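The sequence and structure are shown first.

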Amino acid sequence: MPSEKSRYRGYEIQLRQEWSNWCANVHPTRSDLPLLTQSPLLTLSLSPEEALSAAKRNIDTALGGGGAERNVA
């Protein structure tokens with residue numbers, strides 16, 4: 001299971017359990033990154049791994065590219 005906080009492409013991803021599912025809040029860690037206004041419920045998934053993957057896809061979409069998975073500190 002991923003930790004409750006992860007970083008990806010300059011964003012912090014916070015996983016949390018909602019009801020019996022998982023979702024993710026995404027926050028930029030730098031001022032030059034856009035705020036993501038999508039609801040965390042768009043990442044609603046059965047597992048924390050799926051929620052983390054959905055959050056990463058949302059970040060990739062917002063930044064305009066597929067971006068290979070990588071951690072950015």
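What covers the buried residues of α1? The cover includes β1, β2 and β3. The model discussed here is a predicted one.

## Overall architecture

The protein contains one helix and three strands, which follow the pattern β-β-β-α along the sequence. Of its 73 residues, 40% are buried. The accessible surface amounts to about 4500 Å², and carbon and sulfur atoms account for 50% of that surface.

Contacts between residues at least 6 apart in sequence were also sorted by separation: 47% of them join residues at least 24 apart.

## The sheet

The three strands form an open sheet with antiparallel pairing, in the order β1-β2-β3. Strands β1 (5-8) and β3 (21-28) stand at the edges and have a single partner strand each, so one side of each lacks a neighbour in the sheet. On average, neighbouring strands are turned by 30 degrees against each other, with direction ignored.

## Strand pairing and hairpins

β1 pairs with β2 (residues 11-18) in the antiparallel sense over four bridges. Within this pairing, Ser6 has Ile13 of β2 as its bridge partner, and Tyr8 stands opposite Tyr11 in β2. The two strands form a hairpin with two residues between them, and Arg9 in the turn has a positive phi of about 50 degrees.

Antiparallel pairing of β2 with β3 extends over eight bridges. Here the bridge partner of Tyr11 is Pro28 in β3. The hairpin of β2 and β3 likewise has two residues between the strands, and Trp19 adopts a positive phi near 55 degrees.

## The helix

Helix α1 (residues 48-62) lies across β1, β2 and β3 and runs at about 140 degrees to β2. With 15 residues, α1 reaches 21 Å from its first C-alpha to its last, close to the 21 Å expected at 1.5 Å a residue. Just after α1, Gly64 has a positive phi of about 75 degrees.

The buried residues of α1 are Pro48, Ala51, Leu52, Ala54, Ala55, Lys56, Ile59 and Asp60. An α-helix has 3.6 residues a turn, so residues three or four places apart point the same way. The list of buried residues in α1 includes Lys56 and Asp60 as well as Leu52 and Ile59.

In soluble globular proteins, nonpolar side chains tend to be buried together. The largest nonpolar core of this model has 13 residues, of which Tyr11, Ile13, Leu15, Val26 and Ile59 touch the most other members. β2, β3 and α1 are the elements that give two or more residues to this core. The largest share, four residues, comes from α1.

Which residues are in contact with Val26, leaving aside its neighbours within four places in sequence? They are Tyr11, Glu12, Ile13, Leu36, Ala55 and Ile59. Among these contacts of Val26, Ala55 and Ile59 belong to the buried residues of α1. Tyr11 and Ile13, also in contact with Val26, are named with it among the core residues that touch the most other members.

Definitions and conventions. Residues numbered from 1 in each chain as written. Predicted model: local features only at pLDDT ≥ 70, side-chain atom pairs only at ≥ 80, totals over all residues. Heavy atoms only, no water. Pairing = 2+ DSSP bridges. Axes fitted to C-alpha atoms, helices over the stretch in contact; angles between N-to-C directions. Contact = heavy atoms within 4.5 Å. Buried < 20%, exposed > 50% of the residue type's maximum accessible area, 1.4 Å probe, protein only. Areas by Shrake-Rupley, 256 points an atom, 1.4 Å probe, with all protein chains shown as cover. Expected span 1.5 Å × (residues − 1). Core = buried A, V, L, I, M, F, W, Y, C linked by side-chain atoms within 4.5 Å.
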